[in-house]
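Here's a quick walk through a model, with an eye on charged pairs, strands and a few individual residues. Have a look at the structure first, then read on.

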Amino acid sequence: MAEYHVGCGAFGIYAGTLNKRKDRWQNKSEVTEEATRAVVQHIKQEMMLDKKSTRTDEFTFIDGSVMRVTYEVLKGE
């Protein structure tokens, strides 16, 4: 069975398989929209389970910079 990977490139988010050395994509698809929506849906489900309407996460990058993301679930019409 193929081992799938997800990675970020200059033009989007990609999913696919790598070569045996794992240093190049062998087969890949651009999945930016699907990946973004899947992550947001996952976060929303976790928030609903925790009965929270807001959540803030921080991500630290290799260069030491930090991105803070705040999610807020608003009621539908």
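## Salt bridges

The count of salt bridges comes to six, where a salt bridge is a side-chain nitrogen of Lys or Arg within 4 Å of a carboxyl oxygen of Asp or Glu. Bear in mind that this is a predicted model: local features need pLDDT of at least 70, side-chain atom pairs count only at pLDDT 80 or more, and totals for chains, interfaces and linings use all residues. Residues are numbered from 1 along each chain as its sequence is written, and side-chain values use heavy atoms, with hydrogens and water left out.

Why would such pairs form? Side chains of opposite charge can pair when their charged atoms come close. One of them is E3 with K22, at 3.3 Å from N to O. E3 sits in the segment before β1 and K22 in the loop between β2 and β3, so this pair ties together parts that are 19 residues apart in sequence. (Helices, H or I of at least four residues, and strands, E of at least two, are DSSP runs numbered from the N terminus.) E3 is partly exposed at 48% relative accessible area, and K22 is partly exposed at 47%. The cut-offs here are under 20% for buried, over 50% for exposed and partly exposed in between, with a 1.4 Å probe and protein chains only.

D23 pairs with R21, with the closest N and O atoms 3.5 Å apart; D23 is partly exposed at 43%, while R21 is exposed at 70%. E33 is partly exposed at 47% and R37 is exposed at 58%. There's also a network: E46, R55 and D57 are joined by salt bridges that share partners.

## The three-stranded sheet

Three strands make an open sheet in the order β1-β2-β3, with antiparallel pairing; two strands pair if DSSP finds at least two bridges between them. β1 (4-9) and β3 are the edge strands, each pairing on one side only. Neighbouring strands in this sheet are turned by 35° against each other on average, direction ignored. Helix α1 (residues 32-49) packs on the sheet, touching β2 and β3, and its direction makes about 100° with that of β2. Those angles run from 0 to 180 degrees between N-to-C directions, using lines fitted to C-alpha atoms, for helices over the stretch in contact.

Five bridges join the antiparallel β2 and β3, and L18 has W25 in β3 as its bridge partner. Leaving out residues up to four places away in sequence, T17 touches A2, E3, Y4, R24, W25, Q26 and N27, a contact being heavy atoms within 4.5 Å. N27 lies in β3 (residues 25-30) and is partly exposed at 49%.

## The β4-β5 hairpin

β4 and β5 form a hairpin with five residues between them, and G64 in the turn has a positive phi of about 90°. Seven bridges join β4 (residues 54-60) to β5, and the two run antiparallel. E58 stands opposite R68 in β5. M67, in β5 (residues 66-72), is partly exposed at 44%.
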